[in-house]
Amino acid sequence: MHPREQTIFALSSGRLPSAIAVVRVSGPQAGTALTLLAGKTPAPRIATRVLLRDANRQPIDDAVVLWFPGPASATGEDVAEFHVHGGRAVLAALFAALSALKDVRAAEPGEFTRRAFENGKLDLTEAEALDDLIHADTDRQRRQALRQLKGLLSDKARDWRARIIEASALIEAGIDFSDEGDVPAELIAPAMEKIMALLGEIEEVLAAHGKSERLRDGLVVAIAGPPNVGKSTLINQLARREVAIVSPYAGTTRDVIEVHLDLDGYPVTVIDTAGVRETDDPVEQEGVRRARARAAEADLVLWMIDAEHQTIPHEGAAPVRTVRNKIDLGGAIGGERRGADFEISASRGDGIPELITALVGFAQDYFGSGEAGLIGRERQRGLLQDAAVMLRRSMDVVGRGEEFAAEELRAAALSLGRLLGRVDVEDILDSIFKDFCIGK
């Protein structure tokens with residue numbers, strides 16, 4: 001039997017032990033599994049309390065079960081759910097009983113969602129949104145993923161594709177009736193109007209939300225600078241816990257330390273890097289190399305200095321904000337900035353709220369209106385860009401022959417079909433669904 005025709009099961013709730021654990025079963029044997037373990041098949045979509053028993057009629061657990069006959073289920077197949085007590089022994093016994101059934105096996109990562117996609121329950125953009133929703137760390141990420149899951153992009157893409165097909169039909173009709181004198185012109189003119197309007201909509205989406213997909217990954221802020229200026233103390237302040245070793249000795253930080261923060265709903269990764277200086281220590285040299293590399297890749301660099309270290313700030317593509325630390329040892333907030341963007345005392349906490357407010361403001365400017373954007377992933381942006389290029393090309397080549405324009409329109413429709421996952425996407429499905437957790 002083909003793996004896709006087998007019945008799969010997995011734990012779909014949180015880490016064990018837990019109060020309740022939910023085990024989902026999907027496939028042609030889901031009803032059989034439910035009947036054998038529960039002793040009956042309950043009414044569809046009605047929670048029913050039963051005593052689960054294995055093949056030897058030994059009790060497994062006092063549980064609640066649900067039955068969702070396909071295609072009216074999450075995967076489009078027959079689906080059974082077992083709500084059991086979340087102990088490891090209970091789950092082990094239930095999994096053993098399910099595995100003993102013919103053509104029933106444990107699910108692979110993302111297999112439930114992939115079956116839902118293959119059965120037309122959701123398209124590829126909605127499947128990607130579901131993965132984003134599961135991995136959302138901040139409220140803004142959650143809201144963006146939820147909008148995508150509701151079909152924000154897929155509804156647009158389906159409409160765009162239908163309009164491309166309409167325009168293509170007009171042009172191809174013109175080709176078919178090319179011997180009828182003025183008929184082709186009467187058909188091509190409205191087709192070009194449709195294409196121009198459609199191209200404008202797609203380009204508006206691409207231009208307005210250039211960084212909306214970055215909301216998934218978050219903003220990267222690197223704390224860099226010379227040794228012993230308080231970089232590790234600052235990251236501990238931002239994290240509100242000790243994540244980095246603080247020492248008066250230069251060169252304590254040898255590797256890159258990352259902290260993931262939620263700043264007003266924006267996902268921000270702050271990295272603490274090794275102090276940048278010349279050294280003969282090969283381990284510290286590697287730390288400095290990594291520090292320079294991560295700072296070069298960051299979206300913002302906080303370059304820290306103090307009264308004793310006035311090193312020239314990091315040079316790179318990312319914007320740099322200079323942070324003068326240790327003001328508690330001299331000077332005061334509100335005095336002369338002396339070239340620094342911020343003045344703080346990382347050990348005492350002075351100036352930290354103002355620095356965090358500035359980081360939130362930078363994130364707002366960086367993400368812009370990305371929260372309301374249609375595009376959630378680079379794959380989606382690339383396919384929309386391809387479609388826009390082909391639409392523009394169809395208008396450029398129509399004067400050379402309607403058949404050239406028709407071919408470009410077919411390619412544009414194909415790009416939108418790939419966006420939705422309805423054509424020519426088998427090569428990317430594995431890479432997308434392997435990132436899902438088991439049970440989804």
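**First stop: strand β7**

Select β7 and look at both of its faces: Leu219, Val221 and Ile223 on one side, and Val220, Ala222 and Ala224 on the other, are all buried. Buried here means under 20% relative accessible area, with exposed over 50% and partly exposed in between (1.4 Å probe, protein chains only). That makes β7 mostly covered, with 6 of its 6 residues buried. Helices (H or I, at least four residues) and strands (E, at least two) are DSSP runs, numbered from the N terminus.

Before moving on, some ground rules. This is a predicted model, in which local features need pLDDT of at least 70, side-chain atom pairs count only at pLDDT 80 or more, and totals for chains, interfaces and linings use all residues. Residues are numbered from 1 along each chain as its sequence is written, and side-chain values use heavy atoms, with hydrogens and water left out.

**The sheet around it**

Now show the whole open sheet: 6 strands in the order β8-β9-β7-β10-β11-β12, with mixed pairing. Two strands count as paired if DSSP finds at least two bridges between them. At the edges, pairing on one side only, are β8 (257-263) and β12 (342-343).

Back to β7 (residues 219-224): 4 bridges join it to β10 (residues 300-305), and the two run parallel. Pick Val221 and you'll find its bridge partner in β10, Leu300.

Next, select Asp272, which sits in strand β9 (residues 266-272). Is Asp272 buried or exposed? It's buried, with a relative accessible area of 0%. Draw a C-alpha to C-alpha distance from Asp272 to Leu234 and you get 8.7 Å, for two residues 38 apart in sequence.

**Two nonpolar cores**

A nonpolar core is a set of buried Ala, Val, Leu, Ile, Met, Phe, Trp, Tyr and Cys residues joined through side-chain atoms within 4.5 Å. The largest has 33 residues; select Trp160, Ile164, Ile171, Ile202, Leu384 and Leu391, which touch the most other members. Two or more residues each come from α6 (152-176), α7 (183-208), α12 (378-397) and α13 (402-420). The largest share, 9 residues, is from α7.

Zoom in on Trp160: leaving out residues up to four places away in sequence, it touches Leu198, Glu201, Ile202, Val205, Leu374, Leu384 and Leu416. Contact means heavy atoms within 4.5 Å. Apart from this core lies another of 30 residues, including Leu219, Ile235, Leu263 and Tyr366.

Jump to α4 (residues 124-134): 9 of its 11 residues are buried, so the helix is largely enclosed by the rest of the structure. Among the buried ones are Glu126, Glu128, Asp131 and Asp132.

Then try Gln29, in the loop between β2 (18-26) and α1 (30-38). Gln29 is partly exposed, at 28% relative accessible area. Beyond its neighbours within four places in sequence, Gln29 is in contact with Thr7, Lys102 and Val104.

**Last stop: colour by confidence**

Colour by pLDDT, the predictor's confidence in each residue, from 0 to 100. The protein averages 81, and 79% of the residues score at least 70. Residues 244-255 stay under 50, with 33 contacts beyond four places in sequence in the model. Residues 331-337 are also below 50, and that stretch has 9 contacts beyond near neighbours in sequence.
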